[in-house]
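My notes follow in the order of the look-ups.

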Amino acid sequence: MRFRHRAAAGFATLLLPLAGLVGLASPAQAATSATASYAKTQDWGSGFEGKWTVKNTGTTTLSSWTVEWDFPSGTSVTSAWDADVTSSGTHWTAKNKSWNGTLAPGASISFGFNGSGTGSPANCELNGGSCDGGTTEPGDSAPSAPGTPTASDITDTSVKLSWSAATDDKGVKNYDVLRDGTKVATVTGTSYTNTGLTSGTDYSYSVQARDTADQTGPVSGSVRVRTTGGTTDPPPTGDKVKLGYFTEWGVYGRNYHVKNLVTSGTASKITHINYAFGNVKNGQCTVDDTYAAYDKAYTADQSVSGTADTWDQPLRGNFNQLRQLKAKYPHIKVLYSFGGWTYSGGFGQAAQNAAAFAKSCKAVVEDPRWADVFDGIDIDWEYPNACGLTCDTSGPAAFRTLSQALRAEFGPNYLVTAAITADGSSGGKIDAADYGGAAQYLDWYNVMTYDYFGAFDKDGPTAPHSPLTSYPGIPQAGFNSADAIAKLKAKGVPAKKLLLGIGFYGRGWTGVTQSAPGGSATGAAPGTYEAGIEDYKILKNSCPATGTIAGTAYAHCGSNWWSYDTPATIAGKMSWAKNQGLGGAFFWEFSGDTANGELATAIDSGLR
């Protein structure tokens with residue numbers, strides 16, 4: 001996906017700088033009637049997620065709060081939410097936001113952060129006094145994480161959960177049981193039977209302990225449970241995979257939101273969504289734009305459910321909108337896609353410790369705040385042991401090693417997929433990695449059968465960027481869908497694990513005088529967001545197709561020459577995919593389609 005890039009940042013309201021903003025206002029009051037407790041909620045080796053909880057244990061309202069602590073050298077906060085976090089050397093200060101500083105008696109508020117390093121906080125102060133507030137013994141630690149629950153006695157409407165006990169220096173009081181990230185019960189023992197469930201439905205369970213001071217510890221690992229019964233009929237879209245990419249940054253300049261999948265009619269015509277992209281940093285999976293992902297507030301008219309987000313709800317943003325979409329369209333599965341053209345640089349390091357990488361990915365995908373949103377993970381490594389944005393030297397076995405580790409960590413009940421090169425040339429990118437060996441660990445490959453040709457070769461020759469087959473005069477042998485699919489099959493990848501890729505955009509040149517493919521050019525044609533690239537919804541009117549070549553449309557208008565897929569060419573490609581026994585098709589990406597989703601409709605109709 002050559003042109004994938006993140007929209008420019010510049011959202012200063014997302015998070016204040018974490019260093020250099022010293023000299024905050026003095027604490028408003030002493031902490032004689034409040035406590036601040038810390039818990040490490042996730043740990044992935046070189047980094048972690050921490051949570052502070054401030055609780056008003058007094059009889060009068062707390063008007064503001066400031067928590068201070070020291071980290072050892074080498075440990076630091078990298079991002080935070082629900083508090084303004086600053087630092088001076090190894091000393092860290094977190095101050096309430098404008099909307100969460102007031103705490104009534106008995107009320108509590110939590111804020112969280114992602115950190116690097118392995119240290120723990122020390123010398124905690126709350127509003128200038130002890131974080132224990134005089135109500136608990138100094139140094140009282142939060143409980144440990146309980147064991148990952150196991151499920152038994154699963155019926156159509158219930159499941160029994162059991163887990164190993166947590167430990168605490170002062171004693172564990174009880175356990176919160178979380179279903180899809182939301183608390184459904186508090187129990188004193190280490191088992192719980194959840195009733196009133198829906199048959200044939202997937203649920204995710206985890207637990208966390210509370211100590212005698214009411215401090216909560218980190219959340220356990222999660223177990224995925226599917227109740228018995230329910231229908232076994234295929235989803236309303238048929239038995240082929242019909243997958244679209246939803247871009248995290250599309251909510252900005254493109255103004256494309258999850259609700260557009262509903263208003264366009266597309267949601268009823270797809271089976272899967274890949275949410276793009278999570279980043280790969282320091283060999284670990286991480287959320288990229290946290291504001292778009294889970295903090296951006298939606299009004300009632302912007303929301304899938306028709307209900308406005310509130311300031312204090314635990315999840316907002318795209319993740320909450322996807323949750324609402326799945327409730328409305330239960331057949332849709334959502335995968336979190338990591339990497340892409342811009343963010344593939346971290347995969348080489350990740351492959352050096354594949355197990356740790358997989359563990360970090362599971363922690364992100366199954367974060368308790370959105371554990372019910374994602375049904376799996378997609379890895380978009382461009383490209384293993386080959387050159388993409390940069391050249392990778394991880395070796396031919398690295399991709400298989402990474403795929404094996406992901407399957408081992410996620411287990412059989414999650415989808416694990418990969419977007420891969422479609423370079424079918426001899427000695428090309430498909431030959432650089434063990435795609436055949438890795439296939440046994442993956443549910444399918446998204447074969448990126450587009451971006452073969454474009455104005456990155458500014459002089460041309462003009463050629464369709466997504467040719468289905470070869471043709472006389474094609475600029476590079478093997479750069480077409482048929483050759484790529486044939487090569488992957490020859491390497492032992494089952495046809496049903498291959499999805500054909502469709503671009504919902506065109507690639508174009510300017511300075512072109514020849515209408516037929518093969519003409520010379522002077523550079524990239526103008527595009528709305530990037531030169532040489534334009535959405536189908538624009539091109540269908542601004543430069544209508546004048547011919548087809550290798551199963552793909554092309555258009556010559558003025559001095560510009562474009563190639564792109566239309567409903568008619570998609571119909572031909574879907575027919576070819578079915579004849580090849582492929583598992584379905586996928587496309588990049590939703591916002592390039594028309595307001596009534598005509599390209600998604602063509603994929604759906606063509607694969608029935």
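In what order do the five strands of the open sheet stand? I read the order as β5-β6-β3-β8-β9, with antiparallel pairing. β5 (84-88) and β9 (129-130) stand at the edges with a single partner strand each, so one side of each has no neighbour in the sheet.

Before going on, I note that this is a predicted model, in which local features need pLDDT of at least 70 and side-chain atom pairs count only at pLDDT 80 or more, while totals for chains, interfaces and linings use all residues. Residues are numbered from 1 along each chain as its sequence is written, and side-chain values use heavy atoms, with hydrogens and water left out.

I also set down the terms for strands. Helices (H or I, at least four residues) and strands (E, at least two) are DSSP runs numbered from the N terminus. Two strands pair if DSSP finds at least two bridges between them.

**Entry: inside the sheet.** I checked β3 (residues 66-70) against β6 (residues 91-95) and found five bridges in an antiparallel arrangement. Val67 stands opposite Ala94 in β6.

**Entry: the whole protein.** I listed 12 helices and 31 strands. The radius of gyration (over C-alpha atoms) is 26 Å, close to the 25 Å from the globule rule for 608 residues, so the protein is as compact as a globular protein of that length. That rule is 2.2 Å times the number of residues to the power 0.38. Along the principal axes, the C-alpha atoms fill a box of roughly 80 × 55 × 50 Å. Buried residues make up 57% of the 608; buried means under 20% relative accessible area, exposed over 50%, and partly exposed in between (1.4 Å probe, protein chains only). I then took contacts (heavy atoms within 4.5 Å) between residues at least 6 apart in sequence, and 74% of them join residues at least 24 apart.

**Entry: strand β30.** Is β30 (residues 560-564) enclosed or open? Five of its five residues are buried, so β30 is largely enclosed by the rest of the structure. Asn560, Trp562 and Tyr564 point one way, and Trp561 and Ser563 the other way. I found two partner strands to note. β29 and β30 form a hairpin with two residues between them, and Gly558 in the turn has a positive phi of about 60 degrees.

**Entry: strand β14.** I looked at the faces of β14 (residues 191-194): Tyr192 and Asn194 are on the covered face, Ser191 and Thr193 on the uncovered one. Four bridges join β14 to β11 (residues 159-162), and the two run antiparallel. Asn194 is the bridge partner of Val159.

**Entry: Gln404.** I placed Gln404 in helix α7 (residues 398-410). Gln404 is partly exposed, at 39% relative accessible area. The C-alpha atoms of Gln404 and Ala354 are 8.5 Å apart, and the two residues are 50 apart along the chain.
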